[in-house]
Amino acid sequence: MIDPVSAYSPASSVEPQFKAVPKAERLPSSSGPAVVVGISEETMTRFKADMAVGEMVRQAERDKADSAAPSPWKLPSGLTHAERTLKNGHTEIIDIDGGTLTVREYDGDRLVKSVDGTMADGRAVLDTTYYDESGKASQTIHAELATLETRNGWSGAVMTRSVQWFEDGRTVRTMGDEMYLRTRNDGPATVGGNEWGRMTGEMKNDSDSLVRMLTSEEHSLGYHADIQEYYDNGQLSRSMIIGQTGEYAQVSNRHGFEVEGMGEMSTNELSHDTGLEVRIWEYDRDGEMIREATVIDNQKDGTGSEDGKQTQTADVSWYKDGEKVKHGKGSLVLEEVATAGLMKRPGILDLLGLKPDEYLSPEPQEADELLGRKALDSSAQADFFLEGAGRAAAKGWYGSAADMGEYGHRGQPFAVDWTTELYEEGEVVMRKRDSQRAVSAPYRGVDERLPFRIVGGLSDGDRPVVLESAEHETTLLENGKTVAREAMSSREIIQPSEEGPDTLMTLAHYERLNDDGDDGVNVIFKGGLELADPDARAALRSMGDEVDLTMTEVHHMYRDLRGDTASAGPDSILRYEPLDG
């Protein structure tokens with residue numbers, strides 16, 4: 001081992017860097033006695049300078065690391081740049097720089113779409129522009145996604161958007177909307193006794209493992225869109241407001257094996273309480289009102305066969321030359337029964353544009369994850385949040401009244417009312433009221449106080465599930481006073497018999513008011529309502545026509561918003577991951 005003193009002795013050919021000095025600190029040596037060394041002033045000065053520079057470099061690296069927050073924009077394998085050819089033949093170029101994103105889509109040399117995104121203070125902001133063949137902007141979308149404060153186990157997130165469409169440099173349509181989502185993940189789902197019995201065979205009676213197989217989630221959703229369309233003269237042609245609300249309970253199997261009753265990687269809706277409100281105002285090219293309509297639909301349903309209930313209301317006015325000429329309003333209440341359910345409503349996945357595999361991550365997702373998972377689509381597709389309602393309208397899911405008016409009620413209890421008014425010079429000149437009811441029939445069709453009879457009552461095949469009734473009234477008015485009126489009411493009953501089968505009867509009352517006064521008559525029919533009232537479904541048809549017309553406009557609006565600006569969709573390689581902020 002080289003002795004540190006001899007190595008740096010004055011006889012050495014190397015300029016000594018260290019020299020012995022009196023009273024220096026003693027350093028321990030493993031090979032001999034302790035040695036005493038000192039550092040020259042020149043060396044110490046240079047050493048301190050080098051240390052200072054090194055510290056500055058290290059601090060700069062630390063500052064850079066601190067300022068380089070993780071990016072919410074993700075490409076495969078951690079790439080920050082990608083170029084590829086889309087399915088439509090266009091070229092897409094993606095660049096990521098920390099919290100900044102740029103996307104450019106080209107058709108040859110022509111720019112057709114640009115996206116600029118930033119992430120700051122926990123808020124993601126994306127600006128998307130589509131360009132026409134002349135290079136001018138044809139649509140712009142400004143979107144902001146933010147995480148809301150978590151309270152009482154509920155996480156929250158909101159996306160707001162502002163959209164404009166252009167033709168030849170002028171605005172042809174605008175839309176402002178907001179999607180608000182709250183989510184609570186309740187952990188392992190509980191399973192009832194009947195389910196235990198069906199599942200324990202596969203799970204070997206390990207109830208603890210079984211419970212862990214399922215998760216339960218609750219979602220509360222609110223969506224509001226305000227849309228305006230314009231004529232080429234700049235005049236407003238149509239204004240539409242669409243509001244959706246929903247409370248959803250889900251149970252999910254997030255594993256790659258089947259639990260009896262739930263397939264692998266599947267989620268089922270346990271219950272929903274949904275609302276849809278549509279308001280429409282239509283104008284001619286001179287700005288005069290043509291039609292205004294409001295349709296409100298609410299439905300509450302669970303997994304039971306008789307726990308569902310649906311209500312609808314509609315209010316519609318028609319105008320000519322700016323004056324009201326017709327007004328109609330009414331409501332429908334419909335109940336679910338074991339033999340006939342309610343029409344479907346869009347589920348939570350439909351309204352968030354998620355596929356089951358996107359919803360079923362290994363662990364239940366928070367609201368910002370669910371809303372952010374498709375942020376790059378929802379921020380660039382104006383129709384995104386309206387797809388659920390638009391497709392449901394196209395499938396006729398909101399057309400219960402029209403469906404029952406055409407095909408009947410399928411044994412479901414319901415109540416419908418519709419009133420139509422005609423106007424002349426601002427005054428009501430005719431009013432027509434129609435209503436129809438169906439209530440559950442008594443089990444045996446007889447008063448329970450009557451004794452049981454072996455041969456009594458209608459046969460099972462003839463016994464009605466519900467008993468129907470209907471009312472109609474038409475009134476003519478002059479100067480606000482009634483000048484003529486016709487009315488009829490009819491209702492089904494079951495006439496019990498102690499000597500033979502019970503009989504279905506219909507009691508009808510007809511009434512007329514004219515110049516000679518009131519004139520009325522009662523008639524009894526042996527049979528159902530259709531014998532006494534061939535137009536019993538008038539209220540269903542009238543309400544059905546107006547609701548269908550309004551929901552058809554919702555579907556058409558959805559198609560108009562979609563246009564030809566649909567993104568690459570499933571072909572997209574770019575992902576957004578929400579960051580805590």
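Below are some questions and answers about helix packing and strand pairing.

Before we start, please note that this is a predicted model, where local features need pLDDT of at least 70, side-chain atom pairs count only at pLDDT 80 or more, and totals for chains, interfaces and linings use all residues. Residues are numbered from 1 along each chain as its sequence is written, and side-chain values use heavy atoms, with hydrogens and water left out.

Q: What span does H12 reach from its first C-alpha to its last?
A: Helices here are DSSP runs of H or I with at least four residues, strands are runs of E with at least two, and both are numbered from the N terminus. H12 has 25 residues. The expected span is 1.5 Å times one less than the number of residues. For H12 the expected value is 36 Å, and its actual reach is close to that, at 36 Å.

Q: How are H10 and H12 oriented to each other?
A: Axes are lines fitted to C-alpha atoms, for helices over the stretch in contact, with angles from 0 to 180 degrees between N-to-C directions. The axes of H10 (residues 400–407) and H12 (residues 538–562) come within 7 Å and cross at roughly 140°. Angles under 35 degrees count as roughly parallel, over 145 as roughly antiparallel, 65 to 115 as roughly perpendicular and the rest as oblique. H10 and H12 are therefore oblique.

Q: Which residues of H12 make the contact with H10?
A: Contact means heavy atoms within 4.5 Å. From H10 come Ala 401, Ala 402, Met 404 and Gly 405, and their counterparts in H12 are Leu 540, Arg 541, Met 543, Gly 544 and Asp 548.

Q: At what angle do H9 and H12 pack?
A: In H9 (residues 387–394), Glu 387, Gly 390, Arg 391, Ala 393 and Ala 394 meet Met 551, His 555, Tyr 558 and Arg 562 in H12. The two axes lie 8 Å apart, and the angle is about 130°. That makes H9 oblique to H12, at the angle of about 130°.

Q: What is the bridge partner of Ile 93 in S8?
A: S7 (residues 91–97) and S8 (residues 100–107) run antiparallel and are joined by seven bridges. Their hairpin has two residues between the strands, and Gly 98 takes a positive phi near 65° there. Across in S8, the partner of Ile 93 is Arg 104.

Q: Which residue in S23 stands opposite Glu 478?
A: S22 is joined to S23 (residues 481–495) by ten bridges, and the two run antiparallel. In their hairpin, with two residues between the strands, Asn 479 takes a positive phi near 55°. Opposite Glu 478 stands Lys 481.

Key. Two strands pair if DSSP finds at least two bridges between them.
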